[in-house]
Amino acid sequence: AERARIAAEKKAERARIAAEKKAAKARLAAEKKAEKAGLAAEKKAEKARLAAEKKRQKEEEEAEKQRQQEQEQEPEEESKQEDNDVVILVTGLLVTDEMEEAVEALGGRLTQDPMECSHLITDHVRRTTKFLSAYSVCRHVMNIEWLWASQKAGRFVPEQASKSYRIVDRNNERKFGFKLAKRRVLDEPLLTGYKVYT
(Lines give C-alpha, C1' and ligand atoms only; values in the text may rest on other atoms or scores of the structure.)
Protein backbone atom coordinates (compact mmCIF):
# COMPACT_ATOMS: atom_id res chain seq x y z
CA ALA A 1 0.00 0.00 0.00
CA GLU A 2 2.88 2.39 0.88
CA ARG A 3 4.59 1.68 -2.42
CA ALA A 4 1.37 2.31 -4.29
CA ARG A 5 0.91 5.62 -2.45
CA ILE A 6 4.49 6.75 -3.21
CA ALA A 7 4.12 5.74 -6.85
CA ALA A 8 0.87 7.67 -7.08
CA GLU A 9 2.51 10.75 -5.51
CA LYS A 10 5.45 10.56 -7.92
CA LYS A 11 3.06 10.22 -10.84
CA ALA A 12 1.04 13.19 -9.63
CA GLU A 13 4.25 15.26 -9.17
CA ARG A 14 5.40 14.37 -12.68
CA ALA A 15 2.01 15.32 -14.04
CA ARG A 16 2.11 18.63 -12.11
CA ILE A 17 5.60 19.45 -13.38
CA ALA A 18 4.57 18.57 -16.92
CA ALA A 19 1.48 20.77 -16.62
CA GLU A 20 3.59 23.68 -15.25
CA LYS A 21 6.08 23.30 -18.11
CA LYS A 22 3.25 23.24 -20.62
CA ALA A 23 1.63 26.31 -19.06
CA ALA A 24 4.97 28.16 -18.98
CA LYS A 25 5.59 27.27 -22.60
CA ALA A 26 2.13 28.48 -23.56
CA ARG A 27 2.65 31.70 -21.56
CA LEU A 28 6.00 32.38 -23.25
CA ALA A 29 4.45 31.73 -26.64
CA ALA A 30 1.61 34.15 -25.84
CA GLU A 31 4.06 36.82 -24.61
CA LYS A 32 6.20 36.42 -27.71
CA LYS A 33 3.13 36.68 -29.92
CA ALA A 34 1.94 39.79 -28.05
CA GLU A 35 5.42 41.36 -28.27
CA LYS A 36 5.56 40.63 -31.98
CA ALA A 37 2.11 42.17 -32.45
CA GLY A 38 3.17 45.20 -30.40
CA LEU A 39 6.32 45.71 -32.48
CA ALA A 40 4.31 45.40 -35.65
CA ALA A 41 1.82 47.99 -34.38
CA GLU A 42 4.65 50.35 -33.35
CA LYS A 43 6.30 49.91 -36.73
CA LYS A 44 3.02 50.62 -38.47
CA ALA A 45 2.40 53.70 -36.31
CA GLU A 46 5.94 54.99 -36.95
CA LYS A 47 5.50 54.46 -40.66
CA ALA A 48 2.21 56.39 -40.57
CA ARG A 49 3.85 59.20 -38.53
CA LEU A 50 6.75 59.49 -40.98
CA ALA A 51 4.33 59.56 -43.90
CA ALA A 52 2.26 62.28 -42.22
CA GLU A 53 5.42 64.29 -41.42
CA LYS A 54 6.63 63.96 -44.99
CA LYS A 55 3.23 65.07 -46.27
CA ARG A 56 3.21 68.07 -43.90
CA GLN A 57 6.72 69.10 -44.97
CA LYS A 58 5.74 68.81 -48.62
CA GLU A 59 2.64 70.96 -48.03
CA GLU A 60 4.74 73.57 -46.18
CA GLU A 61 7.31 73.62 -49.00
CA GLU A 62 4.56 74.03 -51.59
CA ALA A 63 2.94 76.80 -49.53
CA GLU A 64 6.30 78.58 -49.18
CA LYS A 65 6.96 78.18 -52.89
CA GLN A 66 3.52 79.60 -53.66
CA ARG A 67 4.12 82.52 -51.29
CA GLN A 68 7.45 83.31 -52.96
CA GLN A 69 5.85 83.14 -56.39
CA GLU A 70 3.11 85.52 -55.27
CA GLN A 71 5.71 87.93 -53.90
CA GLU A 72 7.64 87.80 -57.17
CA GLN A 73 4.46 88.48 -59.13
CA GLU A 74 3.30 91.48 -57.09
CA PRO A 75 1.48 94.05 -59.22
CA GLU A 76 3.66 96.85 -60.55
CA GLU A 77 1.18 99.33 -59.11
CA GLU A 78 2.10 98.24 -55.57
CA SER A 79 5.82 98.61 -56.28
CA LYS A 80 5.24 102.03 -57.77
CA GLN A 81 3.18 103.04 -54.77
CA GLU A 82 6.11 102.07 -52.50
CA ASP A 83 8.52 104.03 -54.67
CA ASN A 84 6.18 107.02 -54.68
CA ASP A 85 6.55 107.10 -50.90
CA VAL A 86 10.27 107.83 -51.28
CA VAL A 87 10.80 111.55 -50.83
CA ILE A 88 14.47 112.53 -50.89
CA LEU A 89 16.15 115.60 -49.50
CA VAL A 90 19.79 116.15 -50.46
CA THR A 91 22.08 118.27 -48.31
CA GLY A 92 25.80 118.85 -48.51
CA LEU A 93 25.86 117.66 -52.13
CA LEU A 94 25.14 119.44 -55.38
CA VAL A 95 21.87 118.17 -56.85
CA THR A 96 22.76 117.29 -60.44
CA ASP A 97 20.55 116.56 -63.42
CA GLU A 98 21.65 112.94 -63.16
CA MET A 99 20.35 112.76 -59.58
CA GLU A 100 17.02 114.29 -60.53
CA GLU A 101 16.62 111.93 -63.49
CA ALA A 102 17.51 108.89 -61.36
CA VAL A 103 14.99 109.75 -58.62
CA GLU A 104 12.25 110.50 -61.14
CA ALA A 105 12.91 107.29 -63.09
CA LEU A 106 12.67 105.28 -59.86
CA GLY A 107 9.29 106.79 -59.01
CA GLY A 108 10.41 108.94 -56.08
CA ARG A 109 10.74 112.68 -55.85
CA LEU A 110 13.13 115.28 -54.52
CA THR A 111 12.12 117.91 -51.98
CA GLN A 112 13.57 120.96 -50.33
CA ASP A 113 11.23 120.68 -47.35
CA PRO A 114 13.00 118.80 -44.52
CA MET A 115 9.69 118.03 -42.83
CA GLU A 116 8.34 115.84 -45.66
CA CYS A 117 11.38 113.78 -46.61
CA SER A 118 11.54 110.04 -46.05
CA HIS A 119 15.23 109.79 -47.01
CA LEU A 120 18.07 112.17 -46.29
CA ILE A 121 21.05 111.89 -48.63
CA THR A 122 24.30 113.52 -47.55
CA ASP A 123 28.02 112.90 -47.31
CA HIS A 124 28.53 113.41 -43.58
CA VAL A 125 26.88 114.69 -40.42
CA ARG A 126 26.21 118.42 -40.34
CA ARG A 127 24.97 120.75 -37.67
CA THR A 128 22.80 122.76 -40.01
CA THR A 129 19.12 123.60 -39.79
CA LYS A 130 18.41 121.63 -42.96
CA PHE A 131 20.24 118.50 -41.79
CA LEU A 132 18.88 118.53 -38.24
CA SER A 133 15.31 119.21 -39.35
CA ALA A 134 15.37 116.38 -41.89
CA TYR A 135 17.21 114.07 -39.49
CA SER A 136 14.43 114.47 -36.94
CA VAL A 137 11.67 113.22 -39.27
CA CYS A 138 13.23 111.09 -42.05
CA ARG A 139 13.34 107.34 -41.86
CA HIS A 140 16.74 106.80 -43.44
CA VAL A 141 20.01 108.71 -43.65
CA MET A 142 21.86 107.45 -46.71
CA ASN A 143 24.82 108.35 -48.87
CA ILE A 144 24.71 108.91 -52.62
CA GLU A 145 25.85 105.35 -53.35
CA TRP A 146 22.39 104.13 -52.34
CA LEU A 147 20.80 106.22 -55.09
CA TRP A 148 23.26 104.98 -57.72
CA ALA A 149 22.73 101.36 -56.61
CA SER A 150 18.98 101.90 -56.88
CA GLN A 151 19.39 103.39 -60.34
CA LYS A 152 21.36 100.33 -61.41
CA ALA A 153 18.76 97.95 -59.91
CA GLY A 154 15.86 99.79 -61.53
CA ARG A 155 14.10 100.34 -58.20
CA PHE A 156 14.90 101.67 -54.76
CA VAL A 157 17.00 98.97 -53.10
CA PRO A 158 16.39 98.10 -49.42
CA GLU A 159 18.23 100.49 -47.16
CA GLN A 160 19.67 97.57 -45.18
CA ALA A 161 20.99 95.82 -48.30
CA SER A 162 24.51 97.07 -47.64
CA LYS A 163 26.25 98.92 -44.81
CA SER A 164 28.10 100.88 -47.47
CA TYR A 165 24.88 102.82 -48.15
CA ARG A 166 24.82 104.20 -44.61
CA ILE A 167 26.50 107.38 -43.46
CA VAL A 168 29.52 106.69 -41.26
CA ASP A 169 30.91 109.79 -39.55
CA ARG A 170 32.54 108.80 -36.27
CA ASN A 171 34.35 112.12 -35.83
CA ASN A 172 31.21 114.26 -35.93
CA GLU A 173 29.27 111.69 -33.91
CA ARG A 174 31.83 112.08 -31.12
CA LYS A 175 31.95 115.83 -31.63
CA PHE A 176 28.17 116.31 -31.40
CA GLY A 177 27.61 113.51 -28.86
CA PHE A 178 25.21 111.15 -30.66
CA LYS A 179 25.15 107.99 -32.78
CA LEU A 180 23.47 107.68 -36.16
CA ALA A 181 22.92 103.96 -35.59
CA LYS A 182 20.82 104.62 -32.49
CA ARG A 183 18.49 107.19 -33.99
CA ARG A 184 14.83 106.46 -33.31
CA VAL A 185 12.20 106.85 -36.00
CA LEU A 186 8.61 107.32 -34.91
CA ASP A 187 5.95 105.55 -36.96
CA GLU A 188 3.27 107.83 -35.57
CA PRO A 189 3.03 111.15 -33.75
CA LEU A 190 4.90 111.29 -30.46
CA LEU A 191 1.87 111.58 -28.16
CA THR A 192 -0.35 109.05 -29.94
CA GLY A 193 -2.45 107.22 -27.36
CA TYR A 194 -2.07 109.90 -24.70
CA LYS A 195 -4.63 112.40 -23.46
CA VAL A 196 -3.20 115.80 -22.70
CA TYR A 197 -5.11 118.21 -20.46
CA THR A 198 -4.26 121.90 -20.28
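Predicted model: local features only at pLDDT ≥ 70, side-chain atom pairs only at ≥ 80, totals over all residues.
Helices (H or I, at least four residues) and strands (E, at least two) are taken as DSSP runs, numbered from the N terminus. On this basis the protein chain holds 6 helices and 4 strands, arranged along the sequence in the pattern α-α-β-α-β-β-α-β-α-α. Residues are numbered from 1 along each chain as its sequence is written, and side-chain values use heavy atoms, with hydrogens and water left out.

Burial was assigned from relative accessible area (buried under 20%, exposed over 50%, partly exposed in between; 1.4 Å probe, protein chains only). Of the 198 residues of the protein chain, 23% count as buried. Contacts were defined as heavy atoms within 4.5 Å. Among contacts between residues at least 6 apart in sequence, 54% join residues at least 24 apart.

Two packed helices are described by the angle between their axes and the distance between the axes. Axes are lines fitted to C-alpha atoms, for helices over the stretch in contact, with angles running from 0 to 180 degrees between N-to-C directions. The axes of helix α3 (residues 97-106) and helix α5 (residues 144-153) come within 10 Å and cross at roughly 55°. Angles under 35 degrees count as roughly parallel, over 145 as roughly antiparallel, 65 to 115 as roughly perpendicular and the rest as oblique; α3 and α5 are therefore oblique to each other. The crossing of α3 past α5 is left-handed, a term applied if the near helix is turned anticlockwise from the far one by less than a right angle, with right-handed used if clockwise. On the α3 side the contact is made by Glu98, Met99, Ala102, Val103 and Leu106, and on the α5 side by Ile144, Leu147, Trp148, Ser150 and Gln151. These residues divide into 7 nonpolar, 2 polar and 1 charged, where Ala, Val, Leu, Ile, Met, Phe, Trp, Tyr, Cys and Pro count as nonpolar, Asp, Glu, Lys and Arg as charged, and the others, Gly among them, as polar.

Not counting residues up to four places away in sequence, Ala102 touches Leu147, Trp148 and Gln151. The C-alpha atoms of Ala102 and Gly154 are separated by 9.2 Å, although these residues lie 52 residues apart along the chain.

Aromatic pairs were identified among rings of Phe, Tyr and Trp (its six-membered ring) with centres within 6.5 Å; planes under 30 degrees apart count as stacked, over 60 as edge-to-face and the rest as tilted. A search of the whole structure finds 2 such pairs. Phe131 and Tyr135 form a stacked pair, 5.8 Å centre to centre with 15° between the planes. Being 4 residues apart in helix α4 (residues 129-137), Phe131 and Tyr135 are separated by about one helical turn. Phe131 is buried at 1% relative accessibility, and Tyr135 is buried with a relative accessible area of 16%. The rings of Trp146 and Phe156 have centres 5.4 Å apart and planes at 15°, so this pair is stacked. The pair links distant parts of the chain, with Trp146 in helix α5 and Phe156, 10 residues apart from it, in the loop between α5 and α6 (170-176). Both Trp146 and Phe156 are buried.

Two further residues were examined in the region of helix α4. Val125, in the loop between β3 (119-121) and α4, is buried, with a relative accessible area of 2%. Excluding residues up to four places away in sequence, Val125 touches Phe131, Asp169, Asn172, Phe176, Phe178 and Leu180. Val125 and Arg170 are 45 residues apart in sequence and 9.2 Å apart in space, C-alpha to C-alpha. Leu132, by contrast, lies in helix α4 and is partly exposed, at 42% relative accessibility. With residues up to four places away in sequence left out, Leu132 touches Arg126 and Arg127. Leu132 and Pro114, 18 residues apart in sequence, are 8.6 Å apart in space, C-alpha to C-alpha.
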